[in-house]
Amino acid sequence: MGVPISQMWTVATYVLGKKLRGVTRYPLVLMLEPLFRCNLACAGCGKIQYPGDILRKNLSVEDCLRAVDECGAPMVAIPGGEPLLHPQIDEIVAGIVARKKYVYMCTNALLLEKHLHRFQPSKYFSFSVHMDGLREEHDHAVCREGTYDIAERAIRAAIAAGFRVTTNTTLFDGAEPERVRQFFDAMTELGVEGMMLSPGYSYEKAPDQEHFLKRRKTVQLFRRTLEKASRRWKFNQSPLFLMFLQGKWKLECTPWGNPTYNIFGWQKPCYLLQEGYTQSFQELMESTQWENYGCQSGNPHCSDCMVHSGYEPSAVAATFGTLSGFLQTVRAVLFGIPDDKSSSEPPKTTGRPLLQPLDSEAPFPTPASPRESVSTAAYQLPIITR
Ligand code: SF4
């Protein structure tokens with residue numbers, strides 16, 4: 001099953017409605033973290049380093065649903081921690097689905113088969129399974145052998161039970177493009193609805209600080225990984241974001257696009273940085289100095305960041321908010337992302353930001369003609385998550 005048309009329609013009308021009303025800052029995906037506890041301890045994770053008393057805490061169902069209502073975003077991602085460790089995660093999901101919001105619940109899938117019966121298949125609900133590559137790479141990334149096989153089995157079980165299932169993959173320095181491409185083939189064979197990609201972000205608290213990608217390396221890796229993409233691969237991300245990762249489209253971060261709510265409150269300014277909390281969504285929007293964030297701000301925490309939670313909402317806004325973005329998206333959906341022959345090497349950075357603001361209408365290098373476009377993977381409208 002592809003991303004439901006109703007979901008694309010919901011996102012498109014939501015963004016266009018904001019645009020018509022002149023609203024420039026709005027949430028697209030609420031990142032709802034109901035707990036930080038996890039049953040894995042991945043080397044690249046910055047979410048599980050809290051002391052025990054924090055890790056034991058859960059957001060209540062009421063708190064979660066109040067945050068959903070307060071935020072108003074049409075999509076909700078539930079990362080963590082491992083959401084299946086929350087004793088009422090099924091009630092949280094059911095409450096969000098009842099509000100007709102599209103929910104992506106991230107999971108490492110270790111407990112998925114056991115807990116499948118607690119959820120109902122719905123067009124509003126998808127499991128987003130954490131898979132960081134083929135067996136060897138995934139087990140290494142999550143620091144536990146056997147995890148890939150368990151997750152693969154759980155994906156099969158969830159699909160057989162009628163659930164929407166997607167994957168989310170973080171790529172770190174050292175990833176082998178050919179192995180990543182084989183991984184896309186494997187997930188496609190499994191029958192997942194779509195795959196979500198992101199470069200890793202260098203959380204200061206993460207145990208492994210060596211393998212986070214710098215911006216130039218990110219562009220190189222994603223170009224090599226996504227060139228001549230298979231027609232069968234499906235990504236549940238906007239084409240503009242995937243082009244951005246390959247250095248073929250300019251975006252600036254919109255940190256308010258994926259606001260984060262967790263046991264501390266509304267996190268400033270984004271899913272990755274923790275520079276204070278507010279007790280209401282409105283206060284988050286009004287009190288955050290947004291100009292201090294994003295690549296162009298010069299903030300060193302942002303200079304190498306290209307993660308989905310900052311830039312996927314920018315891509316969506318560009319798709320539905322600018323003519324050039326919309327036309328490029330249509331072109332990518334019909335003919336694939338241009339395989340720019342001049343781009344075997346990514347653009348050189350000079351210490352100045354590589355990208356420019358979202359609403360810039362500066363001309364972008366002319367894409368290759370449709371006949372030259374060899375990348376024909378299926379690109380879908382945006383989503384998510386971790
Ligand atoms: S560039 Fe990255 S770290 Fe900086 S505000 Fe955006 S999402 Fe957060």
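## The buried side of α9

In helix α9, the buried residues are T218, V219, L221, F222, R223, T225 and L226. Buried here means that 20 or more other C-beta atoms lie within 10 Å of a residue's own, while 12 or fewer makes it exposed and anything in between partly exposed, with C-beta atoms placed from the backbone. The model is a predicted one: local features need pLDDT of at least 70, side-chain atom pairs count only at pLDDT 80 or more, and totals for chains, interfaces and linings use all residues. Numbering starts from 1 along each chain as its sequence is written.

What do those buried residues pack against? The partners are β5 (164-171), α8 (177-190), β6 (194-199) and α10 (239-245), where a contact puts two C-beta atoms, placed from the backbone, within 7 Å. Helices (H or I, at least four residues) and strands (E, at least two) are DSSP runs, numbered from the N terminus.

## Length and end of α9

α9 runs over residues 215-226, and its 12 residues reach 16 Å from first C-alpha to last, close to the 16 Å expected at 1.5 Å a residue. That expected span is 1.5 Å times one less than the number of residues. Just after the helix, K228 has a positive phi of about 50 degrees.

E176 sits in the loop between β5 and α8. Why does E176 count as partly exposed? Because it has 15 C-beta neighbours inside 10 Å. E176 and L221 are 45 residues apart along the chain, with 8.2 Å between their C-alpha atoms.

## Strand β1 and its two partners

β1 (residues 29-32) points V29 and M31 one way and L30 and L32 the other, and all are buried. β1 pairs in the parallel sense with β2 (residues 75-78) over 3 bridges; two strands pair if DSSP finds at least two bridges between them. The β2 bridge partner of V29 is M75.

β1 also pairs with β8 (residues 260-262), again in the parallel sense, over 2 bridges. Here M31 stands opposite T260.

## Around the ligand

Which residues come nearest to the ligand? Of the 14 around it, they are C253, C270, C302, C305 and G310, with the cut-off for being near set at a C-beta atom, placed from the backbone, within 6 Å.

## The whole chain

Zooming out, the protein has 13 helices and 11 strands. Of its 386 residues, 49% count as buried. Take the contacts between residues at least 6 apart in sequence: 80% of them join residues at least 24 apart.
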